Amino acid sequence: MIEYFAHNLWLAWILVSLLCLVLELTNGDFFILCFAIGGTAAAIVSGITNSITIQIIVFAISTLLSIFFVRPMALKYFHKGGEHRVSNAEALIGRVGVVTEKIEANGYGRVKIDGDSWKAQSSENAEIAIGMSVRVIQLNSIIITVEKA
C-alpha cells in the first residue's frame, strides 16, 4: 500500500489542492489559494519524479511565489473599490423610497424601499403624505430618517 502511494503521490497533491480550494471558499482573501497552486505544481512534478524532497521543495517555492505575485493581483482584481463598498443597512443611506403610510408630524410612518417596508420619521418632524418620494438620510437601528426627495 505504501508503495502504491509512493508511485501515485500526485493524487495526494491533488487532494491537498482541492482541500485548499474548498477552504478558500470560506475565506476569500486568496491566501489559501496559494497553497492550492503549490499543490498543483507539486502534483505536476510528481508525474516527472518520485523524489518527495523535490516535490516538497517545488510545493514550497511555488506557494511562496504565489503569495508574493498571484495573491496581490487577485486581491487587486477581485476586491477593487473595497474601501468604498457599503453593505447591509449602510447601503440604505441616500436611497429613494415611497411613503406607504403617512409619516405623522413628530411621529412615525412607513416607507417602501426596493420592496422592503421601513419604519420612518421625518428629518424636519413634519408630516409627509402617502405616495411622496423620500430620501433616506440616516439610519437608527430599524428606524430610518427621511427627507422629501
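## Terms and model

Buried means under 20% relative accessible area, exposed means over 50%, and partly exposed lies in between (1.4 Å probe, protein chains only). This is a predicted model: local features need pLDDT of at least 70, side-chain atom pairs count only at pLDDT 80 or more, and totals for chains, interfaces and linings use all residues. Residues are numbered from 1 along each chain as its sequence is written, and side-chain values use heavy atoms, without hydrogens and water.

## Salt bridges

The count comes to 4 salt bridges (a side-chain nitrogen of Lys or Arg within 4 Å of a carboxyl oxygen of Asp or Glu). Asp114 pairs with Arg95, with 2.2 Å between the closest N and O atoms. Asp114 is in the loop between strand 2 (109–113) and strand 3 (116–122), and Arg95 in the loop between helix 4 (52–78) and strand 1 (96–101), so the pair ties together parts 19 residues apart in sequence. Helices (H or I, at least four residues) and strands (E, at least two) are DSSP runs, numbered from the N terminus. Asp114 is exposed at 61%; Arg95 is partly exposed at 34%.

Lys102 bridges to Glu104 at 3.8 Å, N to O. Lys102 also bridges to Glu127, with the closest N and O atoms 3.9 Å apart. Shared partners join Lys102, Glu104 and Glu127 into one network. Relative accessibility is 32% for Lys102, 37% for Glu104 and 43% for Glu127. Glu127 counts as partly exposed.
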